Amino acid sequence: MKTDLAALLNPEQFEAATAPDGPLLVLAAAGTGKTRTLVYRVVHLLERGVPAGRILLLTFTNRAAREMLERAQSATLGLAGGLWGGTFHSVANRMLRLHARALGFPPDFAILDADDQRSLMGRVIKDLGYKPKEFPKREVVLSLLSGAVNRNVPVADWLERRAATLDETPEKLLEAMDRYQAAKRDMHAMDFDDLLVNGLRLLRENDEARERFQERFLHVLVDEYQDTNALQSEFVDVLGARHGNVSVVGDDFQCIYSWRGSEYRNIMDFPERHPGTRIVKLERNYRSKKPILDLANASIAHNPEQFPKTLRPTREEKGALPRLVEVSDGRAQAARVVELVRENLAAGYRPDQIAVLYRAHYNAVDAQLALARAGVKYAITSGTGFYEMAHVKDVVSLLRVAEGTGDGLSLARVLRLLPAVGEATADKIVRKVDGLPDPESETSREALAEALPPRARVPWSKLGEELGRYGHKAFPERVGDLVDVFLDAFYRERLRKDYENPDERENDIRELLADIAGHESAKAFLSDVALLTNLDREAAAKAAAGDAGGTVLLSTVHQAKGLEWPVVILIWLCEGVFPSARALEDRGGDDEERRLFYVAATRAKDRLYLLHPTLRTMPDGGCFRAETSRFLKEIPTTLYERESVGLDSADDWWSGGFGARGGRKAPVSRLGPAGEPSWRPGGIRVGGVRLNLPF
DNA sequence: GTTGGGAGAATTTTT
DNA sequence: TTCTCCCAAC
């Protein structure tokens with residue numbers, strides 16, 4: 001029985017979902033059922049008889065891919081099995097694993113995450129003989145390189161364009177970048193950008209691979225197309241060239257990734273690059289009440305150069321005006337957030353119907369603290385993901401060594417965990433064993449042990465013996481055994497010495513083991529561990545928690561994209577924070593920040609709160625006046641109501657009554673709390689998301 | 001070469 | 001507050 005799409009979709013959505021073969025561009029404003037339409041297009045294709053294996057669905061987050069696949073799967077009673085869906089990075093990864101040799105890589109090439117990239121670049125710069133202060137920071141060099149790569153521009157040209165911002169000659173920068181690229185190649189490793197670059201190169205240069213995938217994918221569908229960069233749009237074009245069935249969905253208003261090379265012009269140029277494109281516009285908003293849309297529309301109207309588009313509300317019930325809340329400073333803001341959360345809970349909303357959104361992770365600190373103290377359950381999407389945490393990466397490196405897929409980096413990482421072994425010793429050994437010891441060979445292990453300082457030999461031999469047995473045990477037990485020995489031999493002690501929360505970290509490792517056991521094999525886990533993000537673990541953790549009402553979510557606006565909540569509390573609407581001062585330095589930065597504000601506002605269904613502190617405190621304890629965000633000032637005052645919470649409501653912290661902190665009548669120059677963390681946070685961790693309490 | 005203490009800086013967004 | 005870097009002592 002076929003799904004009755006006409007009954008489920010409005011006429012425009014229906015047109016998009018059931019459009020005949022050929023290129024299709026769906027311009028979908030926020031909350032107009034974009035994802036729904038794309039899901040039902042997949043459903044339509046499947047029910048029309050297109051085999052799932054011949055459909056490719058590209059998204060920007062794994063979460064989006066998973067959600068869409070699940071929905072398609074249930075709508076078609078399982079027809080969607082075998083459909084390829086995922087981020088550009090993960091799909092490229094999948095293709096590269098199948099054809100790695102064609103590009104001179106082994107199929108089990110490693111993927112460097114941001115942290116690996118940093119250390120590799122740091123090493124390159126050091127090897128070139130620069131002292132840390134003589135050369136731009138490794139992050140700067142990496143981001144320049146990435147900027148060029150993602151725009152598909154020669155690095156030299158890109159450096160020339162950025163000449164004004166450079167502290168070093170292009171020649172020296174290029175030298176460091178070349179060395180970095182060569183080092184990756186020597187290690188048979190790719191970084192995130194390489195997945196895109198090499199994925200595209202594979203399709204362009206390797207006839208077999210190109211034929212295979214072009215033929216295979218009868219339909220290519222792309223979500224959030226406005227966020228594609230030069231590499232990604234070409235990737236789509238090449239894949240779709242054979243059958244010409246490329247369906248893309250996007251909203252130029254919501255392009256918020258141009259800092260990493262996204263080109264919203266891709267979406268405007270799509271019809272030119274794909275002659276015969278059918279264009280469908282979705283403008284009926286099903287999400288937000290009218291006052292929220294009015295505010296969002298008024299804000300985005302300040303941006304030049306967009307496809308003209310107006311969100312039309314379908315929810316005609318009279319909603320409350322968005323409320324602008326002025327507070328004295330970050331702590332008062334946090335207190336107000338708690339009150340607003342409580343008010344809305346009292347009004348009948350569940351915790352998971354409320355979100356607190358902000359520009360940057362660190363903006364969440366105050367609110368987090370206040371919610372924790374108030375006993376409100378919340379979850380937070382933090383900056384460092386589970387798989388990026390040092391102790392998790394230590395274990396992953398160990399696994400790489402055991403599986404024999406390790407490179408010098410992972411061996412060095414494991415060795416450095418031994419007592420009395422530092423960078424130099426580890427490097428010496430890695431060079432000696434040429435990056436890859438044979439864990440099964442006793443002589444190889446002994447040779448390695450000889451190079452170790454005496455203190456490290458006993459712990460190493462314990463681990464070495466287990467490594468020797470590793471290959472003879474079954475998965476996943478062998479992983480558990482290995483990690484147990486690793487912990488007992490020396491790692492537990494290391495955790496105790498280096499960190500304040502060794503037990504929590506050991507728990508993370510147990511969690512990691514459970515995760516690994518959920519995979520088909522250790523190798524399968526290793527091949528995509530770098531691509532797993534904290535968002536992926538979110539749903540799993542939520543399901544595991546099994547909370548009926550869920551939790552209030554704290555999130556950056558970027559990570560909130562594509563999601564919606566009845567109640568949205570947007571904080572830190574100050575000049576320099578939102579819009580971010582750094583972002584404003586870039587060309588078009590103002591526009592992009594405004595799009596980000598638009599995304600934030602359109603997450604709200606019923607109620608939108610816009611908070612802005614009038615004071616900002618600095619890390620050193622000083623403070624200064626914070627200008628109201630331009631995004632608030634440029635909106636007609638009739639579009640929101642104003643509530644002022646002056647210093648009086650912040651009096652409690654002033655007099656020390658703020659929670660159990662034990663107040664101090666602090667002068668303005670020292671607002672930082674001075675108490676010790678004697679309480680436990682009331683929040684939960686979501687997936688890899690850790691509560692990093694600042695004190 | 002390693003380790004630990006102390007000084008100084010610091011906060012954009014993500015695959 | 002934490003992170004990073006630098007320097008002196010083992």
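The following legends describe close-up views of a predicted model.

**Figure 1. The surroundings of T32, a residue in a loop.** T32 belongs to the loop that runs between β1 (24-28) and α3 (34-47). With a relative accessible area of 1%, T32 is buried, because buried residues have values under 20%. Leaving aside residues up to four places away in sequence, T32 touches Q13, L282, E283, R284, N285, Y286 and L311. A separation of 64 Å lies between the C-alpha atoms of T32 and A451, residues that are 419 positions apart along the chain.

**Figure 2. Aromatic pairs, with Y257 and W259 as one example.** The whole structure contains 17 aromatic pairs. Among them is the pair of Y257 and W259, whose ring centres are 5.6 Å apart.

Figure 3. The ring centres of F486 and F490 are 5.4 Å apart, and the planes stand at 85°, so the pair is edge-to-face. Both residues lie in helix α22 (residues 477-498). F486 and F490 are four residues apart, about one turn of the helix. F486 is buried, with a relative accessible area of 0%, and F490 is also buried, at 4% relative accessibility.

**Figure 4. An aromatic cluster and two charges over rings.** F60, F88 and F235 form one aromatic cluster. In a further view, the charged end of R97 sits over the ring of F109, at 3.9 Å from the ring centre. R265 has its charged end over the ring of Y264, and here the distance to the ring centre is 5.3 Å.

**Figure 5. A salt bridge between E224 and K34.** Side chains of opposite charge can pair when their charged atoms come close. A search of the whole structure finds 51 salt bridges. One of them joins the side chains of E224 and K34, with 3.5 Å from N to O. E224 lies in the loop between β6 (219-222) and α12 (230-240), whereas K34 lies in helix α3, so this pair ties together parts that are 190 residues apart in sequence. Both E224 and K34 are buried.

Figure 6. E205 and R201 form a salt bridge in which the closest N and O atoms are 3.3 Å apart. The two residues are four positions apart in helix α10 (residues 192-205), which means that about one helical turn separates E205 from R201. E205 is exposed, with a relative accessible area of 53%, while R201 is partly exposed, with a value of 24%.

Figure 7. R210 and D207 form a salt bridge whose closest N and O atoms are 2.7 Å apart. Because R210 and D207 are three residues apart in helix α11 (residues 207-216), about one helical turn separates them. R210 is buried, with a relative accessible area of 19%, whereas D207 counts as partly exposed at 49% relative accessibility.

**Figure 8. A network of salt bridges.** Salt bridges link D113, D115, D116, R118, E139 and K393 in a network.

How values were computed: Residues numbered from 1 in each chain as written. Chains lettered and ligands numbered in written order. Predicted model: local features only at pLDDT ≥ 70, side-chain atom pairs only at ≥ 80, totals over all residues. Heavy atoms only, no water. Buried < 20%, exposed > 50% of the residue type's maximum accessible area, 1.4 Å probe, protein only. Contact = heavy atoms within 4.5 Å. Phe/Tyr/Trp six-rings, centres within 6.5 Å; stacked < 30°, edge-to-face > 60°. Lys NZ or Arg CZ within 6 Å of the ring centre and 35° of its normal. Salt bridge = Lys/Arg side-chain N within 4 Å of Asp/Glu carboxyl O.
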